[in-house]
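Please look through the sequence and the structure before reading on.

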Amino acid sequence: MKLDYLDLLSSEPVRMKNVGGILSPKLRDIASIGYDAYHFYLELLLMDLEKYFSMTGHAKDYDRLSDEEKSNLDMFDFWTANGQSASLLEKVLNFFIEEEVVYSGQNRCFLIQNENGDVGAITRDSYPQVRDVICQRVCIRPDQEEDLSKARNKKALEIAKKLQKGRSQKKKQEKTDKNMDLGNIISAVANRSPSLNILNIWDLTVYQLWDCFSRISNNNIYDIQARAVAAWGNKDNHFDATAWYAIGK
């Protein structure tokens, strides 16, 4: 379920059939629970099997699993394996879903409820789609894992393994850029935008904030290039006057 740009920008919930309304939380909502809690929620949503085994102290057990065994495991089963982990995921889902989310141990799923009763459910089958839409609404891209079970032959399986290993090593080497910390982006946008300030910026959704940051950054580059071309011209005798409203990739 790929959301279009208007749905992503909107502060209205995105309706998922048999699930409910997926929210892009406002900055004031994130501030109310604290950045650490918000970051923890995202870490849980983005958690894959390797991270889960490592976090629970069973990294070696994961390494011992065959590719076929790994392909048959599902994160939803681990979240619902006991009441404590199910309760944790329930709390995360409640932050990003408009309706109330309640875990049902009997049905091994998360029921979606409003004043009229049960209106939907998050199951083993629908959880990946719900997780993906939440990630889209908060402007993050979950890591893409190679599905080893779909490798057509031995050679394809070896390539998939190399790609998976390469992505894992690259991620371990990446360092966090403090300039891209949410608090710093809020301050930068509030002090750069002609209309936003540190008092009214909290009404933006987190997606709207990142979109504003991207537009401000691109427009700064556009203004520099426009002034340079106006003053000295360029060798191609061409300037893209539409670049200021072009959709970023």
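Is Cys109 buried or exposed? Cys109 is buried, with a relative accessible area of 6%. Keep in mind that this is a predicted model. The structure holds 0 disulfides and 5 salt bridges.

**Cysteines**

- There are 0 disulfides in the structure.
- Cys135 counts as buried, at 1% relative accessibility.
- Cys109 is buried too, since its 6% relative accessible area falls under the 20% cut-off.
- Cys139 is partly exposed, with a relative accessible area of 37%.
- Cys139 sits in the loop between H9 and helix H10 (154–173).

**Salt bridge Glu98–Arg15**

- Glu98 and Arg15 meet through their side chains in a salt bridge, at 2.6 Å from N to O.
- Glu98 lies in the loop between helix H8 (83–96) and strand S3 (100–104), and Arg15 lies in strand S1 (residues 14–16), so the pair ties together parts that are 83 residues apart in sequence.
- Glu98 has a relative accessible area of 42%, which makes this residue partly exposed.
- A network of salt bridges links Arg15, Glu98 and Glu99.

**Salt bridge Asp61–Arg64**

- The side chains of Asp61 and Arg64 form a salt bridge, again given as N to O, at 2.6 Å.
- Both residues lie in helix H5 (residues 59–64). Asp61 and Arg64 are 3 residues apart, about one turn of the helix.
- An α-helix has 3.6 residues a turn, so residues three or four places apart point the same way.
- Asp61 counts as partly exposed, at 31% relative accessibility.
- Arg64 counts as exposed, at 61%.

**Salt bridge Arg124–Asp77**

- Arg124 forms a salt bridge with Asp77. The closest N and O atoms are 2.9 Å apart.
- Which parts does this pair tie together? Arg124 is in the loop between strand S5 (117–122) and helix H9 (127–137), and Asp77 is in helix H7 (residues 75–79), so the pair joins parts that are 47 residues apart in sequence.
- Arg124 is partly exposed, with a relative accessible area of 36%.
- Asp77 also counts as partly exposed, at 26% relative accessibility.

**Positive phi angles**

- Arg108 has a phi near 55°, a positive value in a residue other than glycine.
- Arg108 belongs to the loop between S3 and strand S4 (109–114).
- Arg108 is partly exposed, with a relative accessible area of 42%.
- Cys139 is not a glycine either, yet its phi is positive, at about 65°.

**Helix H11**

- Which residues of helix H11 (residues 182–192) are buried? Leu182, Ile185, Ile186, Val189 and Ala190 are buried.
- Seen down the axis of H11, these buried residues fall within an arc of 125°, so they line one face of the helix.
- Asn191 and Arg192 are exposed on the other side of H11.
- Asp181 caps the N-terminal end of H11. One of its side-chain oxygens lies 3.0 Å from the backbone nitrogen of Gly183.

Conventions: Residues are numbered from 1 along each chain as its sequence is written. This is a predicted model: local features need pLDDT of at least 70, side-chain atom pairs count only at pLDDT 80 or more; totals for chains, interfaces and linings use all residues. Side-chain values use heavy atoms; hydrogens and water are left out. A disulfide is a pair of cysteine sulfur atoms within 2.5 Å. Buried means under 20% relative accessible area, exposed over 50%, partly exposed in between (1.4 Å probe, protein chains only). A salt bridge is a side-chain nitrogen of Lys or Arg within 4 Å of a carboxyl oxygen of Asp or Glu. Helices (H or I, at least four residues) and strands (E, at least two) are DSSP runs, numbered from the N terminus. The arc is that of the directions from the helix axis to the C-beta atoms. A polar contact is a pair of N or O atoms within 3.5 Å; within protein, one must be able to donate a hydrogen and the other to accept it, and residues adjacent in sequence count only if both atoms are side-chain atoms.
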